[in-house]
Amino acid sequence: MKFSAVKGMRDVYPEDARLRNYILDAWRRVSLRNGFEEYDAPILEYLELFTVKSGPEIAEQLFGLTDRGGRNLAIRPEITPSLARMVAAKINALPRPIKWFSLPRLCRAERPQRGRLREFFQWNVDVIGVESVQADAECIFTLVDFLREVGLSPAEIMVRVGSRPIVLSLLRREGVCEEAMDKALLALDKRQKIPAEAFEAMLREIGVSAGAIAGLCEFLDTPPERIVQRIADSGLPGAEKEIADLQELESALAAMGVKEYIAFDLHIVRGLAYYTGVVYEAIAAGERAVAGGGRYDRLLELVGGPECPATGFGMGDVVLGLLLAEKGKLPPELTAGSLEFYVIDAEEGTFRQVLDITARLRAAGRSADYGFKRQGMGKQLKEADRRGSKFAVLVRREGLSVKTLATGEQTETTAETFLEKIR
RNA sequence: GUGGCUGUAGCUCAGUUGGUUAGAGCAUCUGGUUGUGGUCCAGAGGGUCGUGGGUUCAAAUCCCAUCAGCCACCCCA
């Protein structure tokens with residue numbers, strides 16, 4: 001073969017498209033029922049929109065191009081900067097709260113590996129213009145609502161919730177200086193994946209005492225159901241508001257009935273520095289994070305807008321697809337096509353009636369198909385089965401039969417009464 | 001970006017110490033049978049052995065490069 005798909009980008013055959021549509025449909029359905037409205041943005045943006053948020057190094061990680069006017073453009077690696085730009089542009093005209101979602105196709109020029117491709121879809125859910133932690137609760141609830149929708153249980157996936165400012169305050173109290181803060185956050189993020197000694201070594205390297213490390217570990221290991229109270233009791237300096245927020249978040253999520261999916265966990269810090277409050281990730285054993293998000297109150301200012309609170313999360317389709325397949329959560333109709341009626345000429349000379357009936361089924365909005373080739377009824381029924389059809393319509397010169405493929409049940413009727421019942 | 005593993009039909013693989021026209025199952029297509037289905041039978045198509053060099057009388061098999069996939073880092077918006 002002369003050509004193949006570009007590295008990290010995949011061809012979407014019908015069976016792949018069925019999976020992808022299943023995911024996108026569920027994302028959209030859940031978003032809408034939680035009161036979010038859909039938006040989209042251009043697939044190309046000025047390169048600077050991304051570098052202003054993530055630093056100039058980010059340019060290496062994305063697909064860039066120069067247009068004929070010499071402008072530096074990039075295929076969007078995320079949609080949040082576009083969202084910030086769009087909201088900032090109409091900030092005074094938009095009714096609050098702004099609850100928006102999007103299902104953008106994104107590209108990142110990273111090295112592909114399991115669960116990470118260079119082109120993918122990502123569900124984004126954001127609430128903008130609301131300072132209250134209730135906005136964070138709303139996003140987290142929507143995330144859990146989706147997990148339930150696709151049949152993932154708390155035993156299979158949990159949303160781990162942390163707080164950037166609380167962690168910062170805690171680390172400061174344990175003697176981490178501001179310059180070493182990034183390294184400390186990195187160590188925290190890695191703690192679950194590396195040996196205890198390696199974690200301690202990382203903290204000692206930035207000057208944290210052995211006693212402080214032990215105290216920190218003991219604090220971090222507080223069970224999720226008690227840690228919020230423990231944080232409140234410890235009265236971390238400078239984080240009073242965030243502590244109250246975390247308590248409010250815990251009680252809001254409990255009131256919304258999603259408690260069993262939530263685990264408060266200060267190891268969750270998220271990579272980018274732009275998070276300013278609550279942060280969270282949906283984590284399933286054995287996979288990279290399925291979703292991640294948090295509060296980012298400074299982003300609108302970064303793109304030249306006014307000061308405006310914002311919070312939200314993103315979820316990629318690749319890891320999610322792997323997880324659903326692994327856990328056997330994909331509906332069976334995804335493996336076969338789905339068709340309602342397969343129309344068969346059960347007697348010679350009835351092909352014109354097959355065409356007529358098929359066309360009228362389609363006109364009535366039902367999915368119907370027939371074979372291009374005239375062959376025996378056995379082969380046609382086999383084809384109906386292979387197509388995943390629900391019913392076979394057997395057309396005779398006088399009357400027709402409607403056969404339910406799954407049960408083999410068959411009812412006799414006439415073309416007119418059949419079509420009458422259909423509409 | 002760094003390191004490692006892998007690469008034979010659409011898929012899963014076989015292919016003896018390098019040695020004639022590279023095989024199987026599944027899938028696909030065709031025909032037959034069952035003649036209202038999930039069978040069964042027969043046949044066919046499909047591979048320049050990822051690609052390009054090199055060693056050799058001879059390379060799927062050995063060497064180098066390159067591409068792609070996977071794994072671990074980096075990163076994860």
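Student: In which sense do strand E16 and E17 pair?
Tutor: This is a predicted model, in which local features need pLDDT of at least 70 and side-chain atom pairs count only at pLDDT 80 or more, while totals for chains, interfaces and linings use all residues. Residues are numbered from 1 along each chain as its sequence is written, chains are lettered from A and ligands numbered from 1 in written order, and side-chain values use heavy atoms, without hydrogens and water. Strands (E, at least two residues) and helices (H or I, at least four) are DSSP runs numbered from the N terminus, and two strands pair if DSSP finds at least two bridges between them. E16 (residues 400-404) and E17 share four bridges, and the sense is antiparallel.

Student: Which residue in E17 stands opposite Val-402?
Tutor: Strands of a sheet pair through backbone hydrogen bonds. Opposite Val-402, the residue in E17 is Thr-411.

Student: How far does a polar side-chain atom of Glu-78 lie from a sugar or linking oxygen of RNA strand B?
Tutor: Glu-78 is one of the residues that come nearest to RNA strand B. The distance from its polar side-chain atom to a sugar or linking oxygen is 2.2 Å.

Conventions: Near = heavy atom within 4 Å. Polar contact = N/O pair within 3.5 Å; in protein donor to acceptor, adjacent residues only side chain to side chain.
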